[in-house]
Amino acid sequence: MIAAFFDIDGTIYRNSLLTEHFKKLIKYELLDIGEYESKVKETFKQWDERTGDYDKYLQELTETYVEAIKGLSLKYNEFISDQVMELKGNRVYRYTRDMIAWHKSQGHKVIFISGSPHFLVSRMAKKWGADDYCGSIYHDRDGVLSGDISPMWDSGNKMKAINKFCEKYNIKLEDSYAYGDTNGDFSMLNLVGHPRAINPSGELLARIKETPELREKAEIYIERKDIVYKVSAEVETI
């Protein structure tokens with residue numbers, strides 16, 4: 001079986017599902033905006049003004065989010081998660097949207113592997129017709145989120161997830177595809193025969209360049225405005 005493994009945030013979705021969820025929780029006054037203002041706003045500002053690092057921004061955002069939603073009612077969480085998908089679920093990159101459709105037409109297994117919360121990943125998988133998925137598990141206790149998490153945003157856990165899917169579906173990695181955009185997707189790209197980096201972060205591109213086999217086989221896709229173009233890993237960065 002051939003599979004296509006897709007990261008979601010920054011790869012399919014043109015932002016972060018976690019960010020959208022965070023903003024909606026604040027909008028509906030289920031979280032204090034001070035959590036965002038005090039811990040994430042400055043890092044985002046640095047990234048937005050291109051003076052800071054994207055991976056650092058995502059790390060700080062995730063750490064703040066994980067702490068902030070501890071104790072959130074599952075009932076409210078379900079409502080907010082549905083709102084995120086209804087209002088933002090179509091905000092995807094054209095290239096990866098088309099690739100999902102192409103892989104499905106070829107009979108490949110389409111699998112989403114994301115560091116976003118499982119309750120968002122499951123909705124995204126249903127919306128875009130993925131055959132299977134896994135995300136970071138946010139555990140609950142007595143009807144509220146407990147603050148305990150089984151993460152899926154790092155390279156090591158994504159590698160373990162792929163190995164489990166390989167056993168489940170008898171996947172041939174040498175014939176399979178992977179799509180990702182940040183350093184957390186490195187192992188996913190490195191495992192398959194057809195790795196595709198989508199608007200890669202500087203850290204991911206640097207690792208691709210310094211890994212001989214991956215540098216040789218990786219394809220880099222950039223989607224900006226109304227155009228998608230492909231470059232090799234040898235592309236010059238400035």
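This is a predicted model: local features need pLDDT of at least 70, side-chain atom pairs count only at pLDDT 80 or more; totals for chains, interfaces and linings use all residues.
Let's start at a turn: in the hairpin of β7 and β8, two residues lie between the strands, and Lys225 takes a positive phi near 50 degrees.

- Eight strands make up an open sheet with mixed pairing, and their order is β4-β3-β2-β1-β5-β6-β7-β8.
- β4 (144–150) and β8 (227–232) are the edge strands, each pairing on one side only.
- On average, neighbouring strands of this sheet are turned by 25 degrees against each other, direction ignored.
- As a reminder, strands of a sheet pair through backbone hydrogen bonds, either parallel or antiparallel.

- Strand β1 (residues 3–6) runs parallel to strand β2 (residues 109–117), and four bridges join them.
- Phe5 stands opposite Ile111 in β2.
- β1 also runs parallel to β5, here with three bridges.
- The bridge partner of Ala4 in β5 is Tyr177.
- β5 in turn is joined to β6 by four bridges, and these strands run parallel as well.
- Across that pairing, Tyr179 stands opposite Arg196 in β6.

**Which way do the residues of β5 point?**

- In a regular strand the side chains alternate between the two faces of the sheet.
- In β5, Tyr177 and Tyr179 point one way, while Ala178 and Gly180 point the other way.
- All four of these β5 residues, Tyr177, Ala178, Tyr179 and Gly180, are buried.

**A closer look at Ala3**

- Ala3 has its place in strand β1.
- Is Ala3 buried or exposed? Its relative accessible area is 0%, so Ala3 is buried.
- Neighbours within four places in sequence aside, Ala3 is in contact with Lys109, Ile111, Ile171, Ser176 and Tyr177.
- Ala3 and Lys172 are separated by 169 residues in sequence, yet their C-alpha atoms are 7.7 Å apart in space.

**Helices α1 and α7**

- Two packed helices are described by the angle between their axes and the distance between the axes.
- For helix α1 (residues 17–27) and helix α7 (residues 118–127), the axes come within 10 Å and cross at roughly 115 degrees.
- The two helices are therefore roughly perpendicular to each other, and the crossing of α1 and α7 is right-handed.
- Which residues meet here? From α1 come Leu17, Leu18 and His21, and from α7 come Phe119, Leu120 and Met124.
- The residues of this contact divide into five nonpolar, one polar and no charged.
- Phe119, Leu120 and Met124 are also among the buried residues of α7, together with Val121, Arg123 and Ala125.
- Gly129, which follows α7, has a positive phi near 75 degrees.

Notes:
Residues are numbered from 1 along each chain as its sequence is written. Side-chain values use heavy atoms; hydrogens and water are left out. Axes are lines fitted to C-alpha atoms, for helices over the stretch in contact, and angles run from 0 to 180 degrees between N-to-C directions. Angles under 35 degrees count as roughly parallel, over 145 as roughly antiparallel, 65 to 115 as roughly perpendicular and the rest as oblique. A crossing is left-handed if the near helix is turned anticlockwise from the far one by less than a right angle, and right-handed if clockwise. Contact means heavy atoms within 4.5 Å. Ala, Val, Leu, Ile, Met, Phe, Trp, Tyr, Cys and Pro count as nonpolar, Asp, Glu, Lys and Arg as charged, and the others, Gly among them, as polar. Two strands pair if DSSP finds at least two bridges between them. Buried means under 20% relative accessible area, exposed over 50%, partly exposed in between (1.4 Å probe, protein chains only).
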